[in-house]
Amino acid sequence: MNAIEVAGNKLPDPAMLFVYCLLIVVALSAVFSSISFDLVSPATGEAIQVKNLLDAQYLTDFMASSVTTFTGFAPLGMVLAALLGVGIAESSGYINIALKKMIRMTPQKLLAPAVVMIGAISSVAADAGYVLVIPIGAVIFHAAGRHPLAGLAAAFAGVSGGFSAGLLPSSLDPLLQSFTQSAAQIYDKDYLVNPLANFYFTFVSTFVVTLLGWFVTEKIVEPRLKSVELNKDLEEAEDMSSYTKAEDRSFKIGSAVLLTMAGLLVLACLPETSPLRAENGSLTAHTAPLMKSIVPLIFLFFLIPGVIYGRMTGTFKNHRDVMAGMSQSMTTMSSYIVMAFFCAQFLKAFGDSNLGTLLALSGAEVLQALDLPGQMTIVGIILLTAVVNLTVGSASAKRALIGPIFVPMLMAVGISPELSQAAYRIGDSSSNIITPMMAYYPVIIVFCQRYVKNSGIGTVASLMMPYSIVFLVGWTAFLLLYWALGLPLGIAAPYTYPAI
């Protein structure tokens, strides 16, 4: 872990990674543009020809379109729009009270699985999970006479290790979809990926992660912690699972409105002539207005209950407080916006150069020559993602870096972008909890030090390593089983390319 920390600290900021990648692509395009290749593009039916990005006309056009390239970057608008609603629900306290209620309703014997599952569910608003669920996990374990670090570890495993699981769609779904679709269109310019392409799999994965986390907590982590002494001057922890009658009443009313909204949406979808349906009557087709409205729906389903809760509890006294809540959620996205600018320029250059198609088809020839079963290829993608995640913690940066290479390559050997995205999510989540490059890692160490003063990176790494290994093995095995049974990954999500 120390070696990983040193290596990770030497990496440049994610935004600079894309600057360097852009420069490399430009240089390679100049070299390979003079070489003829016998590989044929499946999109055009013509031989691959690398475009020289140093051409004066291209450089002029590239500079002239750089702003529209940025503003047209699909992940940017999707993530920011979804987070505006999530930010209101979080800043009003609505999400916090929901998490508290879940904890309070849990029987003592089911503390471990409940903490893991609530952590996974909290990935809808990841920051709330890190700052609320993880310390609460330690508090309730301590109050139950169990080691608080076990509760902390279980919560951390759910929040971060189960980041790609969840019972509800989150901003991560359209974020990954947009990167996957852009990568897929390098190989097939007309290919579309549904924002909920992995939803069924991630929904069921919530229960898989819960069971795996329960096993690790009670059979591996907690027994090991019996010999770890707590701080002698440990003060009684704050009761983070309590709430007032006013908060309870406000939450119930906000939740009732949320359920009413969901019911009205269902009723609106039922008629065969519903404007939410595509021309062929489908609700799940890519062209269906319902599917195109996933991000605005996420926005509204968090915004309205959050505003109602905030107004009733006094958190929001007027519209200015609501706007301040939205603004606060955007302040956490400043580094993402900077990264998105350079990422958009890199992806445009990479796509225009045809290097992505060349690399995908060359890699596909190697994979076809190896004649590996598709299952082994998917396992390899999961392991590769998990390793890359140790040094590049950002889910979006990582997907933008490796997606344009591996998504087209796997399409060329018959594996769909939707399946490769599901594999990516497993690898990304499973190693989140052991990489010091994860932004909240220092915070987790501070939480540990409240109970054991000499806690450090080694403490957290040793606590979380069993979760990481078990999640990686167990979740991968579950994907292979899920695939073998032919269960749907999500909406309009085939396992093969082209879809069979």
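Buried means under 20% relative accessible area, exposed means over 50%, and partly exposed is in between (1.4 Å probe, protein chains only). The model on your screen is predicted, so local features need pLDDT of at least 70 and side-chain atom pairs count only at pLDDT 80 or more, while totals for chains, interfaces and linings use all residues. Residues are numbered from 1 along each chain as its sequence is written, and side-chain values use heavy atoms, with hydrogens and water left out.

**Stop 1: cysteines.** Select Cys448, which is buried, with a relative accessible area of 0%. Now move to Cys343, also listed at 0% relative accessibility and therefore buried. With a disulfide taken as a pair of cysteine sulfur atoms within 2.5 Å, the count is 0 disulfides.

**Stop 2: the core.** Next, colour Ile134, Phe201, Met464, Tyr467, Leu479 and Leu489: these have the most contacts inside the largest nonpolar core, which has 136 residues. Such a core is a set of buried Ala, Val, Leu, Ile, Met, Phe, Trp, Tyr and Cys residues joined through side-chain atoms within 4.5 Å. Helix H22 (residues 457-484) gives the largest share of this core, 12 residues. Helices here are DSSP runs (H or I, at least four residues), numbered from the N terminus.

Zoom in on Leu479. Contact means heavy atoms within 4.5 Å; leaving aside neighbours within four places in sequence, Leu479 has contacts that include Phe201, Ile378, Leu419 and Leu489. A second, separate core has 6 residues, among them Phe299, Leu303, Val322 and Met326.

**Stop 3: helix H7.** Select residues 111-121. In helix H7, 10 of the 11 residues are buried, so this helix is largely enclosed by the rest of the structure. Among the buried ones are Leu111, Pro113, Val116 and Ile121.

**Stop 4: Gly427.** Go to helix H20 (residues 417-430), where Gly427 lies. Gly427 is buried at 0% relative accessibility. Which residues does Gly427 contact, leaving aside its neighbours within four places in sequence? They are Ile382, Thr385, Ala386 and Leu472. Show Asn389 too: its C-alpha atom is 7.9 Å from that of Gly427, although the two are 38 residues apart along the chain.

**Stop 5: back outside.** Finish at Leu267 in helix H12 (residues 245-269). Leu267 counts as exposed, at 53% relative accessibility.

How values were computed. Helices (H or I, at least four residues) and strands (E, at least two) are DSSP runs, numbered from the N terminus.
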